[in-house]
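Please open the model in your viewer and follow the stops below in order, making each selection before reading on.

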Amino acid sequence: MSPANPADPDVWVGRGTELEVIRAAAGRLADGQGGLLWVEGESGIGKSSLVARALAGGPHQVLSATADELTQRFPLAVMRDCLGVAMRADDPRRAETAQLLHERRRGSFTAPALAAATYADIELLVALVDDLATERATALVLDDAQWADEASLALWRHLALGQLPLLLIAVSRPVPRTQALLDVRAVVERAGGTVLTVGPLGADDVEALVTDLVGGPVGPRLRELAGQALGNPLYLRELVDALVREGRVGPAGERVELSPVDDRLPSSFATLVTDRLRVVPAGAAGLLRAAALLGPVFSVSDLATVLGTPASELAGELLEASAGGILVGAGTEMAFRHPLIRQALYDGTPASLRAALHRQVAMALAADGADAERVAEQLIASGQSGDDAARAWLASAESTLTAQAPEVAADLLRPEVDGGRSDDGLRDQFAVALARALFAAGRYEEAATRAYRSATTAAHPDQRTEAHWLAIRSLAALDRGEEAAEALRRALSSPDLPAIWRGRLLALRAMFQRATDGDLDTAQALAEEALAIAERAGDAYGVAYALTNLWLILGVRRDHTAALRCVERALAVLGDVPQHADLRALALDSRVFSLQNLGRWADAEAALKQARDTERRSGYAVSTSHITTAVHRFWVGQWDDALAELGSISDETGVVTYSGLRETGPALLAHGVAALIAGRRNQRDAAAEHLRAGLRFGDDAAGVRENRDFLAAAHALALEQAGEPQRAISVLFGAVRRRRGEMTLTHQWLADLVRLCLSCGDRSGAEEAVEICAAESRSETTPARAAAAAIRCRGVLDGDPVPLREAVEIYRAAGVLTELTGTLEDLAAATAGRGAADEARRLLTECTALYETFGAEWDIRRADNRLRAYGVRRGVRGPRGRPTSGWEALTPTERTVAQLIAEGLPTTAIAQRLYLSRRTVQTHVSHILGKLGLQGRVEIAREAYRRAS
């Protein structure tokens with residue numbers, strides 16, 4: 001009886017229940033249904049082997065990667081590995097994605113926090129997964145998820161929200177367990193996924209495994225010793241293999257028994273692994289210790305670089321290590337058979353030697369032109385200050401590294417600034433780079449302190465000025481506006497201030513001036529001066545930055561035509577240069593806003609499409625684009641599509657950035673739109689939830705006040721529904737009484753305010769609201785939305801159908817259905833009040849039919865009640881509203897998405913065809929599945945085909 005090879009993957013016992021769970025999920029995947037699976041258990045318990053065995057041999061593709069401690073501080077590192085995203089990837093899509101990630105990371109200048117950059121990166125990778133999973137059913141496995149970086153876990157959660165033939169599996173130990181990891185587990189549970197706990201093997205399975213490993217029935221002493229492995233298959237295999245190698249088991253009658261010489265268990269798992277090295281040549285043992293420095297998975301070319309040996313000369317030793325059960329093949333790379341084996345080898349190297357080896361590996365990789373992340377992870381692991389070579393590399397790579405992993409960059413730069421050499425001219429560069437890295441990581445307090453210090457000590461004017469810039473922006477992010485303004489004044493007073501920086505700082509001062517005291521004249525003069533300086537300096541970024549500030553100032557002045565010219569010019573100056581993608585995204589959003597304010601709704605729709613097309617081509621996505629689109633969809637009466645846009649916003653992006661100032665406004669606006677739609681649909685619980693989320697923000701900051709109008713309208717509606725119209729009036733007046741210098745649009749809410757005041761007998765309040773709207777109208781240099789609203793408000797105040805008919809025709813021609821429908825209701829009430837019952841009935845029927853297309857149940861109820869007071873009721877009613885389930889419940893956009901799914905288009909292609917974001921398409925797919933009671937995209941395609949035939 002000869003013992004079996006403990007490394008043989010065919011030696012498998014037990015786990016029948018667990019295998020069936022994973023295979024069932026894989027079977028559903030083959031039928032086009034995705035799934036979520038969380039697999040947890042202690043190290044060595046067999047989680048990874050279980051998943052690999054269950055997924056083997058199916059028609060699906062398996063994409064997998066193992067996280068480790070070396071890379072967990074690099075955003076999206078493990079998921080990029082999992083998806084094979086690399087500049088030299090054979091697949092053009094993967095290579096293109098890697099290129100976009102590289103360009104966008106190096107270029108982000110205005111986004112002050114890593115969250116904004118990570119949002120864009122996640123969008124790129126999710127789009128790639130969409131394409132891959134649509135082409136072929138895919139299982140995506142994230143192993144050792146407890147070491148995954150937070151961005152990778154966020155990406156996993158985003159994928160979990162999709163409706164693709166994608167089986168997502170996270171494999172994790174019980175500890176350590178971060179909040180981000182707990183969030184992933186919670187997503188699995190909330191979404192109806194499976195949490196699978198893999199425990200120790202039972203006594204019968206332990207004996208069966210040992211029987212297979214030693215080649216015969218087990219004797220009592222061997223059975224007792226095996227029991228001390230506590231059912232851990234990895235430990236058990238290593239233990240039995242050690243006993244076999246040492247000749248300590250052999251035949252004893254019809255059984256295989258332990259030699260009576262020594263029945264003690266080896267002192268540790270590390271001892272077992274170290275003992276295993278005896279079966280490989282001495283050269284292979286050294287190779288394995290070097291490979292352990294590279295992580296659980298490594299490329300042979302990297303190992304060859306580190307060892308300074310051609311890869312061809314390593315083949316023999318690698319084969320020996322594989323035959324010895326230490327290494328296995330992993331596609332084009334090699335991997336340790338289990339992370340614990342690699343960890344035991346790693347820990348077996350003395351710490352001082354390990355640190356020196358990490359530094360040696362880092363410099364070898366740097367000399368070979370390796371990515372900054374790979375070099376940095378080795379330098380971080382060394383825990384030592386830089387020598388000349390390391391400092392030279394850091395000086396060349398700090399900018400790229402800051403864009404990719406600012407926390408890591410800061411950790412490498414901090415010791416160089418605080419205790420490094422100062423005689424090689426790098427101290428000032430490193431000090432400013434440290435402030436920049438801290439700012440990018442959102443560590444604003446330390447960033448401000450470091451930047452202040454560099455602003456006074458750096459020798460070069462450019463370095464001092466950038467330090468001032470970073471200090472100002474860090475203080476602004478900390479809501480320390482007065483300190484930021486003082487720092488800005490000091491920076492501008494520098495006698496040797498470079499022209500490029502003077503222009504940028506003046507533009508920033510213009511923004512501060514507008515936001516702090518509302519002095520538009522001074523702000524505009526500063527922005528114009530900044531523009532002139534940037535133009536003379538040939539600074540494209542500075543020109544566009546000044547123009548976007550002018551856009552804002554002119555928008556506050558209600559000169560929307562001039563504002564539009566500024567933003568159009570900014571877009572022309574920016575072009576398609578990757579490093580300006582974030583500022584370009586802001587300018588594209590701004591153009592949509594100006595076109596809406598001019599009442600050019602068709603042009604605004606075209607601008608939204610261009611913005612989405614630019615977003616797709618550049619790979620730079622921002623959550624504010626969803627909010628801009630949602631607001632547009634609200635006003636044109638596409639409320640379901642507005643909610644789809646809002647439903648696609650990542651909950652990681654509750655704080656959005658605007659031109660370098662940290663603001664909560666966009667998140668507030670998103671909650672406001674969602675709350676107002678829910679309230680008008682009489683979905684009061686949903687409205688209350690959004691109101692609670694939005695109302696937790698204060699109202700003193702300009703960024704909050706300028707984006708709270710939708711929330712105020714929703715709050716007022718909730719109070720009106722609760723029978724508190726006086727409080728509703730107070731809330732609306734608080735929103736429409738603009739402070740000096742505020743952008744807030746007020747005209748769109750004033751007709752409702754006039755109506756509420758009149759219903760409470762408050763004629764003076766109604767007249768004040770009419771005057772506020774008239775003032776807005778007078779401030780428009782080109783009569784547009786405010787002018788139309790002023791006409792409507794006057795008609796509501798006087799109960800005069802004539803101006804209301806004029807407003808109806810304006811809104812009808814513009815195609816802005818939400819305002820059209822409300823004005824039709826006002827006109828119906830006015831005509832009923834003048835005794836024209838037939839016309840009032842016709843208008844009431846038209847407006848309620850439109851309300852029904854929005855699902856606006858509360859509006860229908862209010863309109864009926866208003867007209868009933870005049871004895872006017874609607875004519876014969878047809879079917880009311882849209883069904884809530886079945887094909888007829890689908891919106892036009894949802895039907896189009898279903899048809900495109902039937903044509904076999906992936907999510908990204910559907911998004912491109914419809915000028916939607918990928919996440920918005922996913923939200924539509926989710927709604928389709930819910931309304932049709934289906935399980936996946938394949939079933940949607942079948943239903944669409946059935947309907948078409």
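Select Gln384 to begin: this residue is partly exposed, because its relative accessible area is 39% and that class lies between buried, under 20%, and exposed, over 50% (1.4 Å probe, protein chains only). The model is predicted, so that local features need pLDDT of at least 70 and side-chain atom pairs count only at pLDDT 80 or more, while totals for chains, interfaces and linings use all residues. Residues are numbered from 1 along each chain as its sequence is written, and side-chain values use heavy atoms, with hydrogens and water left out.

Gln384 sits in the loop between helix 17 (372-382) and helix 18 (388-404), helices being DSSP runs of H or I with at least four residues, numbered from the N terminus. His358 is 26 residues from Gln384 along the chain, and their C-alpha atoms are 9.6 Å apart.

Next, turn to the largest cavity, which holds about 350 Å³ of space. A cavity is a set of points, on a 1 Å grid over the protein atoms alone, where a 1.4 Å probe fits but cannot get out, and its lining residues have an atom within 4 Å of a point; the volume is the space filled by probe spheres set on the points, which are joined across faces, edges and corners. Select Arg680, Trp749, Asp752, Arg755 and Arg862, the closest to the centre among the 24 lining residues. Finally, colour helix 37, which gives the most to this lining, with 6 residues.

Technical notes:
Helices (H or I, at least four residues) and strands (E, at least two) are DSSP runs, numbered from the N terminus. On a 1 Å grid over the protein atoms alone, a cavity is a set of points where a 1.4 Å probe fits but cannot get out, and a pocket is an open set with protein on both sides within 12 Å along at least five of seven lines; lining residues have an atom within 4 Å of a point.
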